[in-house]
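Reader: Please take me through this structure one feature at a time, giving the general idea and then the case at hand.

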Amino acid sequence: MTSDTQHKRHTAQATHSSPRGGVLGEESSGRAPTNQSWGGRFNQPTDEFVKIFGASVFFDKILAPYDIDGSIAHATMLFEVGLLNEDEKSQIIDGLSKILDEIKNDKFEWSVDLEDVHMNIEARLVAMIGDAGKKLHTGRSRNDQVATDIRLYLRDQVGDIIKQTKQLQLALLDLAEKETSTILPGFTHLQAAQPVSFGHHMMAYFEMLSRDGERLSDCQKRLNTLPLGAAALAGTTYPIKRERVAELLGFERICANSLDAVSDRDFAIEFLSAASIIMMHLSRFSEELILWSSAQFNFIELQDSFCTGSSIMPQKKNPDVPELVRGKTGRVYGNLTAMLTIMKSQPLAYNKDNQEDKEPLFDTVDTLKACLRVFTDMVPAIQVNGEVMRQSTKKGYTTATDLADYLVNKGLPFRDAHAVVGKSVAYGIEQQKDLNELSLEELQTFDARIENDVFDVLSLEGSLCARDHFGGTAPNQVKKAINTARQALK
Ligand code: ARG
């Protein structure tokens, strides 16, 4: 498969190089300067810059393996319905297999004159096997061909991405398990709120990724539908068997309307929105890692290999990886917006606008895979500074709610208890003491029902362990959640 970044490089070349500059080797290929696939009714050759402007081969060549799979299935079906003879079918399949080898071994000469991946491969097939190659396009159009190729590509990629989300979930589980009883201040409004288990905090991201995986699987269902057979837009006059092509390519369903089949890009938009949500989750996690690794928080340390230094400030260790993931989130959101905008005003059916679907999609796949990979590598290497977190949790009266709950258990209505504790916090602030640093006598001045057992309630462990129900932060609940999650991942 073409490397992740190759299509970007070629996009850049398309902008900066002349087509005669031999970027794609079209001169040495000896192919005709006019596009032979559709040139019949044209009197003038395509303008040189328009050729580059309109070509997609720079980036769509990564679809080549899928294009070839689609063509082999199509040719097999054409043979089965009597539109190709056995010899023609074999020549086509052999030729396409050789072309795939040429592409994989970087021996294939891509030509900008041939516009896109589809026509490059077809032209090469005709050059190789002659007339049989000219029959491959019977009963299909590039419109249903490209729609099929993208779905095949995305089906593969989404499968990989689902696996990657699970790997990151495993890394989170391992970290959560190590730090089940580690306490950090839970925040709301970025103000210290209540003590929580670090494991519980990691499991929050685990949950987000579970939903992300579900969204991707859901997107797979609709994506796994075959457009081929829709031809240009209205279907075809040949006795094709779409069910057979679907079976050969592993599609679960067939697009039920030919106009919709060639123009639908919802499946890509669904993927881009699922990808945007994953990136949003990674970005929130990144933000926390960035804050936590600052000298002011010092809750965690990221391994050196995931950070960089500063060329001027020798003390710096910058959390580049989470910062970049946070930054790349913008780019994925941009791709979603681009795709929605590309589609919004298109009349049915296929329009050339649709060619613009590819770069946002490919870029999102590459970006998302890279971000998931780097996170999966980085998470196990997070060093947790438990003692610093503990000391920090003691600041900010994080057990005040526990005192209110204590008073409720002694018979006070919650609103009254809230007011009593508010006063005791104000007193603590004045005395520069945490609630559990106040004496029993001092506490009793706020409510006579307070007894010596209050100090268990006001401890960090007491606070944590008291939230002992499904979904709560008590360490034994977090352990249960981790066990359930491990089973679910299997
Ligand atoms: N390169 C084109 C695309 O990506 C393929 C389909 C072209 N179809 C057409 N009628 N010009 O959308």
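Author: Let us begin at the ligand, where an oxygen atom of the ligand lies 2.4 Å from a polar side-chain atom of Tyr350. Taken alone, the ligand exposes 340 Å², and the protein buries 86% of that; such areas come from the Shrake-Rupley method with a 1.4 Å probe, and for residues only the protein chains shown count as cover.

Before going further, note that this is a predicted model, in which local features need pLDDT of at least 70 and side-chain atom pairs count only at pLDDT 80 or more, while totals for chains, interfaces and linings use all residues. Residues are numbered from 1 along each chain as its sequence is written, and side-chain values use heavy atoms, with hydrogens and water left out.

Reader: Which residues surround the ligand?

Author: A residue is near a molecule if one of its heavy atoms lies within 4 Å of it. Here the ligand is surrounded by Ser56, Asp60, Asp116, His118, Arg142, Asn143, Val146, Tyr350, Gln355 and Lys358. Helix α9 gives the most to the shell, with 3 residues; helices here are DSSP runs of H or I with at least four residues, strands are runs of E with at least two, and both are numbered from the N terminus.

Reader: How far is a nitrogen atom of the ligand from a polar side-chain atom of Asp116?

Author: A polar contact is a pair of N or O atoms within 3.5 Å; within protein, one must be able to donate a hydrogen and the other to accept it, and residues adjacent in sequence count only if both atoms are side-chain atoms. For Asp116, the separation from a nitrogen atom of the ligand is 3.0 Å. An N or O atom in the side chain of Arg142 is 3.4 Å from a nitrogen atom of the ligand. Asp116 and Arg142 also belong, with Glu115 and Lys352, to a network of salt bridges.

Reader: How many salt bridges does the structure hold?

Author: A salt bridge is a side-chain nitrogen of Lys or Arg within 4 Å of a carboxyl oxygen of Asp or Glu, and the structure holds 31 of them. In one of them the side chains of Glu177 and Arg486 meet, with N to O at 2.7 Å. That pair links distant parts of the chain, 309 residues apart, since Glu177 is in helix α9 (residues 142–178) and Arg486 in helix α22 (residues 475–489).

Reader: Are Glu177 and Arg486 buried or exposed?

Author: Buried means under 20% relative accessible area, exposed over 50%, and partly exposed in between, with a 1.4 Å probe and protein chains only. Glu177, at 41%, is partly exposed, and Arg486 counts as partly exposed at 21%.

A further salt bridge joins the side chains of Lys317 and Asp304, with N to O at 2.8 Å. Both residues lie in the loop between β5 (300–301) and α14 (320–344), so the pair ties together parts that are 13 residues apart in sequence. Lys317 is partly exposed at 32%, whereas Asp304, at 56%, counts as exposed.

Reader: What does Glu461 form with Arg390?

Author: Their closest N and O atoms are 2.8 Å apart, and the two residues form a salt bridge. Glu461 in helix α21 (residues 460–466) and Arg390 in helix α16 (residues 386–394) are 71 residues apart, so this pair too is described as linking distant parts of the chain. Glu461 is partly exposed at 37%, as is Arg390 at 24%.

Reader: Which residues of helix α11 are buried?

Author: An α-helix has 3.6 residues a turn, so residues three or four places apart point the same way. In helix α11 (residues 242–249) the buried residues are Arg242, Val245, Ala246 and Leu249. Seen down the axis of α11, they fall within an arc of 100°, so they line one face of the helix; the arc is that of the directions from the helix axis to the C-beta atoms. Glu243 and Glu247, on the other side of α11, are exposed.

Reader: Which backbone oxygen does the side chain of Gln220 reach?

Author: Gln220 is placed in helix α10 (residues 198–223) and is buried, with a relative accessible area of 16%. Its side chain reaches the backbone oxygen of Arg155 at 3.1 Å.
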